[in-house]
Amino acid sequence: MPYSTSTSRNRRCLVRLVPALFLLANILPAKAQELRRYGAHITLPGGKGISGICIIRTDKDGGAMSLFNEFGIKAFDAVYSAGKDKVELRNVIKPLNRRRARKIIAKDMKCLFAPGKKTPKSRTIRHRDDGTLVLSNKRFKITYHLTPLKDVVE
Amino acid sequence: MKYLFLITAIWSVLSAAAQKPASAGESKKMIEQVCAAAGKMQTLQCDFRQEKRLSLLETNMVSTGKMYYKGGKALKWEYVSPYAYTFLLNGDKVMLGSQGKTDVIQVNSSKTFKQIARIMMHSITGKCLSDTEDFHVTMLVEGNEWVAELIPRQKELAQLFTRIRLHIDPKSQTATEVELTEKSGDLTRITMTNIKKNTPLDDALFHID
């Protein structure tokens, strides 16, 4: 009898556990992947600048981002590999598509993907009260303003 | 997934077959009509729906909003959903606004920014059909609408996008849809509705401090 009781208890446990595990398997990837939206403007030396929308996706393996203007024209894509701790820029528009500029921006973008890590030299990150993130590269005089775009409540 | 690809492929073939290239004479006439209408355009306002494919992020961004244009130098691009965000261009100044906060940027020293702003305004008004130095224009007839296919001639523009397709209403000779294809293959589609031409727009709408 005790044996059979224990078996039925185990069965009941299994019956509850299997759907729970199934649910978790479906929920976890969604939670592990995060999509953030920002209104962005980047000020560059010489009074130049870029404005637009910035979308950042992060997950356990790294992340990716796209910066495009209000009309949909892309400034650049960036892919972050957590394993290599490196950012690779893709589809970069002309004024930024120079080897040195790409290298600097890639390093700057690393701060956005890995905020917990130590900020690289000559870079600072400030969080304003309104949620705006200001990333400054003092050496090359580049400032990135990223204001979170929150869903409008209807 | 396999079937979805097949359906998309069949749809693309059918769509291409439905397009009829306009003859040289027709094409010239169509361009003249659109450019004449664009030349008379003082103001333009409409609702827009913007759909952007971001293949890297494996997502489609869909947003809606209102657009206001005045006198060839002022453009207000106001997103109302899913987020509130405003891009306002007036002369050499740009104002970005979200969550009640605004930032003003001077764009007079940025050649690329100016170029992009010009393309934005010329696409929505149809003026880009006369930019023969910038684009190679092909006119098509697609059902009840005209389609202008613009391929950039200059290297600088070709780096920003590979093709712009303007869907034009033959009755009003105004653009109703703008499709922009990037080098990466990602597509942005802006559909304009409730279009009002030459209705008075207050200068205060475009004011930047």
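Which side chain does the side chain of B:Glu182 make a polar contact with? The partner is the side chain of B:Lys52, at 2.4 Å. A polar contact here is a pair of N or O atoms within 3.5 Å; within protein, one must be able to donate a hydrogen and the other to accept it, and residues adjacent in sequence count only if both atoms are side-chain atoms.

Some bookkeeping before I go on. This is a predicted model, where local features need pLDDT of at least 70 and side-chain atom pairs count only at pLDDT 80 or more, while totals for chains, interfaces and linings use all residues. Residues are numbered from 1 along each chain as its sequence is written, chains are lettered from A and ligands numbered from 1 in the order in which they are written, and side-chain values use heavy atoms, with hydrogens and water left out.

Back to B:Glu182. In chain B, this residue sits in the loop between strand E11 (174-181) and strand E12 (187-197). Helices (H or I, at least four residues) and strands (E, at least two) are DSSP runs, numbered from the N terminus. B:Glu182 has a relative accessible area of 4%, so it is buried. Buried means under 20% relative accessible area, exposed over 50%, and partly exposed in between, with a 1.4 Å probe and protein chains only. Setting aside neighbours within four places in sequence, B:Glu182 is in contact with residues of chain A, A:Gly72 and A:Lys74, and of chain B, including B:Lys52, B:Phe161 and B:Thr188. Contact means heavy atoms within 4.5 Å.

Next, the sheet in chain B. Twelve strands form an open sheet, in the order E1-E8-E9-E10-E11-E12-E2-E3-E4-E5-E6-E7, with antiparallel pairing. Strand E1 (19-21) and strand E7 (101-106) of chain B are at the edges with a single partner strand each, so one side of each has no neighbour in the sheet. From one strand to the next, the twist averages 20°. Two strands pair if DSSP finds at least two bridges between them. Strands of a sheet pair through backbone hydrogen bonds, either parallel or antiparallel. Strand E2 (residues 43-54) and strand E3 (residues 59-70) of chain B are joined by twelve bridges in the antiparallel sense, and B:Gln45 stands opposite B:Tyr68 in E3(B).

Two helices go with this sheet. Helix H2 (residues 24-40) of chain B lies across strands E8, E9, E10 and E12 of chain B, at about 105° to E8(B). Helix H3 (residues 111-125) of chain B packs on the sheet, and its direction makes about 80° with that of E4(B). Axes are lines fitted to C-alpha atoms, for helices over the stretch in contact, and angles run from 0 to 180 degrees between N-to-C directions.

Now the cores. The largest nonpolar core has 88 residues, and those with the most contacts inside it are A:Met65, A:Phe76, B:Leu75, B:Trp77, B:Leu129 and B:Leu166. Apart from it lies another core, of seven residues, among them B:Tyr68 and B:Phe206. A nonpolar core is a set of buried Ala, Val, Leu, Ile, Met, Phe, Trp, Tyr and Cys residues joined through side-chain atoms within 4.5 Å.

On to aromatics. Over all chains, a search of the whole structure finds seven aromatic pairs. Rings of Phe, Tyr and Trp (its six-membered ring) pair if their centres lie within 6.5 Å; planes under 30 degrees apart count as stacked, over 60 as edge-to-face and the rest as tilted. Why is the pair of B:Tyr79 and B:Tyr83 tilted? Their ring planes are at 50°, with the centres 5.7 Å apart. B:Tyr79 is buried at 3%, and B:Tyr83 is buried at 3%. The rings of B:Phe135 and B:Phe161 have planes at 20° and centres 6.3 Å apart, so that pair is stacked. B:Phe135 lies in strand E8 of chain B and B:Phe161 in the loop between helix H4 (155-160) and E10, so the pair ties together parts 26 residues apart in sequence. B:Phe135 is buried at 2% relative accessibility, and B:Phe161 at 0%. One aromatic cluster takes in both chains: A:Phe71, B:Phe48, B:Trp77, B:Tyr79, B:Tyr83 and B:Tyr85.

Last, chain A. Its secondary structure comes to two helices and eight strands, and 41% of its 154 residues count as buried. Strand E1 (residues 34-43) and strand E2 (residues 49-59) of chain A pair in the antiparallel sense over ten bridges. In their hairpin, with five residues between the strands, A:Gly46 takes a positive phi near 80°.
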